[in-house]
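My notes follow in the order of the look-ups.

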Amino acid sequence: MAVRSVTPVRPHAVLAVRIATVFAIWAIWEALARSGLIYEGVVPSSFLVVAAMARELASAEFYRDVGITAYEVVAGFAAGTAAGVTLGIALGLRRFAEDAAAPYVQGLAATPKIIFLPILMLLFGVGSGSKTAMGAVSAFFPVVVATAEGMRCVNPVLVRVARSFNASTWQIVRKIYLPSLVEPAITGMRLGLGVAIIGVLLAEIKFSRAGLGHVAIQYYNFFHVADMYAVLLVTFALAVAANALMGAIGNRLIRRR
Amino acid sequence: MGTRIGCSWGPALAGLAGVAGVALALQAVVDTGLVSPFMISPPTKIAGAFGELVSGEGLGKAFLLTFGATFAASALATLVATPAGYLLYRCPLLGRSYESWIGALFSAPIVLLYPMFLVIFGRSVLVGIATGFLVGAVPIVLKTREGFLAAPPVLINVARSFGASDREVLRKVLLPAARPFIFTGVRLCLIYSMINIVGIEFLANLGGLGYLVGEMYDRYEIPAMYAATVCVILTSALFYVLSARVERWLSGR
Amino acid sequence: MKISRTCLTAAIAALALVAAGRPAAALDKFTVAAPQKGFWDTAFPYLGQEKGFFKEQGIELDIQWTEGGADTQQAVITGSIDIGLATGLLGVLSAYAKGAPVMLASSEMTGASDLYWYVKADSPIKSLADLEGKTVAYSRPGSSSNTIAAALVKLSGKNAKLVSAGGAPATLTQVMSGQIDVGWSAVPINLNLVDEKKIRVLALGNDAPGAADQTVRVNITNADVYKNRHEALKRFFVAYQKSIDWAYSGNDVPEMYGKFAGVSPSVVEQLRTKFTPKPAVALNRMSGLDVTMREAVEAKRLAAPLTPDQQKGLLAPMKDLNP
């Protein structure tokens, strides 16, 4: 079913709507903050949030926490991606294996990963190890699902031709499967990065002594709400930037393939 | 590894054998002392803990709480997000303006706002429902708009040429065309709502299946903790399968 | 042989240089989980470290602040932390009975004179009799506040719900925003709000029957740490005891503690005499264990009270490390 092309819309009009929307949201927020309708401090003035953000960005400790979270995300994402691609290829090579494993992988993929945190804390302790493991577990499933799907889309004629030239399994993987998997694997990795970030942040909220998630929940515990919103906004922005960077790298790799 | 639900017997048996093999291996490494039972509980003890979860820890009640919250959040999201998606379709300017923002919301960690919902709604199931609603509404809005956009223009033009009103075009052309997309959005809503609701139950000790896992860990009931985790996995898998079947049935596929 | 003055001077100078250049013996490092930063009894290691008592014993502490109870306990059991301070005896009994690698290194608090439960100033709850259908906070499962809160609810005879609210600041947030009806705290934290009439004290920890003579908090360590670093652990407790002795007598303590906890130095005298008298923080005192075991069975933490042999095994490390 072809998607109907959207009625042409002028870019200036889109920009105007977006600016108006941002302004309206800000106005509603400020009105709520000053109205006293919601429990004091839950909706602080945006100026307080901006001031809190400036304080955070000027604080050396903030960057230490960013570094800790970034390390946990990157290390976890790398481990999860490596495992996901490897297993995805292994399952894709044998249709029977994929059919056998599919229900369990899909079932686990649909499970909220945060509930694995107690198990990870038992296995890796309560420090960065369990947070990194959380990132790895979160990233693993979108990558393995996307990679296995990608394996199924590889043209079987190419594989048969390679086999007819006595290519080994490793050669077939390297020269046929891997190049074909770039696009689906990157799609999986983009999803995986997003959920890895969320998984690490939630793990830091539950039990940690450093990292952006820990900072946010500590501000909440002491009811420094403006500071909490500031940290969350910066975290959101970093997550969006990381996703955008992943997308740009992915698009580049796909174009170069 | 798409959405294939039914498996032939061979792979199904092989899968079960694989799970049994993993369980036996875990039992062996714990029994031989290679791994401490305080890190990995032997599967025999985990199996034994299910009974205690049901009879002594309110597993049934926890299950109903989580399920109920998920359905409530999804129902609310469907009621609000479907008309919102239609609005974004009817007004191309709004659609173009907000599509990328709504798409960005899909990967935003909205669940981090749960402390504020605790303050606004109190320590109640409403916290999970509110978060589940916000998270679940996003895919419905996106998929609904996508579905309406996918309606073949020729059918719309034919309907209009027969003098059909906007309402008739919506009812007889647009909705049937968009139906599979809308149900895909509702299915994604169910899954993501549940994931976030269980996560909040775990983080904020609010009751439900997520709370049960955390409670067993805190009380150092390790076999029961593993058993509760398995319950969550089985519930999520059941949800996934049921929602796929309902989607296929409603879509007529 | 006559040694010239020059040679002697040179030799002494050389010896001095060698002595100065020789690296100091490496300190034994312990990671310590302490709950509720700012509380009086959990401040002893921090203050003692600042005063240099631990360095005297060749020990360096890396103190990490937690929300108490299960958080501290699990960190020790998994080996992430060497020593867990001020964790609830209730939780430790449960883990110990299940065979977890946790050792009771010393007692930490006997009696609950430092704990109190409060409501918002305008709350309709005036006494424990008004607790029907209300939520009552404690910090984390297995903590002393968990034990005492359960005892207070039982004392009220009402059907109230116990809620794990986390540390004292988080609990205050939840009480003031209406999420929880009755909050918990420990002196001197939040006492200023009582003076400002923003909160009202509903019950004291010692109001719970038997609580005044019950050891509610203990210090724990991992079994591997006890076995492999036994000698250093003994030195740790020597320094810890010295920190306690100084906290109850040192003239510079009020200012140091006031700065650390963000409270007025004048509160220290009340802490020393009224709220947390020195006998309450004795390190080798185990009192009311029968009561605690009974409460643990009621809370489903223990299937049955510990046998005499199990009790002996539980208390042996405490007696060993704190003779």
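How much area is buried between chain B and chain A, and what percentage of it do carbon and sulfur atoms give? I am working from a predicted model. I read about 5700 Å² for the area buried between chain B and chain A, with 76% of it from carbon and sulfur atoms.

Next I looked up which elements of chain B touch chain A. I list those that give two or more residues to that side: α1 (9-31), α4 (92-107), α5 (114-121), α6 (125-149), α8 (166-204), α9 (209-218) and α10 (222-251) of chain B. By class, I find 47 nonpolar, ten polar and three charged residues on the side of chain B that touches chain A.

I then took the residue totals. Chain B puts 60 residues into the contact, and chain A puts in 60 residues.

I find zero salt bridges between chain B and chain A. I find six residue pairs in polar contact across this interface, both residues at pLDDT 80 or more.

I moved to chain C. Why is strand β10 (residues 215-222) of chain C described as largely enclosed by the rest of the structure? Eight of its eight residues are buried, so I note β10(C) as largely enclosed.

I looked up the pairing of β10(C). Strand β3 (residues 83-88) of chain C runs antiparallel to β10(C), and four bridges join them. Strand β4 (residues 102-110) of chain C also pairs with β10(C) in the antiparallel sense, over seven bridges.

Last, I followed C:Arg217 in β10(C). C:Arg217 is the bridge partner of C:Gly88, and C:Met109 stands opposite C:Arg217 as well.

Key. Residues numbered from 1 in each chain as written. Chains lettered and ligands numbered in written order. Predicted model: local features only at pLDDT ≥ 70, side-chain atom pairs only at ≥ 80, totals over all residues. Heavy atoms only, no water. Contact = heavy atoms within 4.5 Å. Buried area = accessible area lost by both parts, 1.4 Å probe. Salt bridge = Lys/Arg side-chain N within 4 Å of Asp/Glu carboxyl O. Polar contact = N/O pair within 3.5 Å; in protein donor to acceptor, adjacent residues only side chain to side chain. Nonpolar A, V, L, I, M, F, W, Y, C, P; charged D, E, K, R; others polar. Buried < 20%, exposed > 50% of the residue type's maximum accessible area, 1.4 Å probe, protein only. Pairing = 2+ DSSP bridges.
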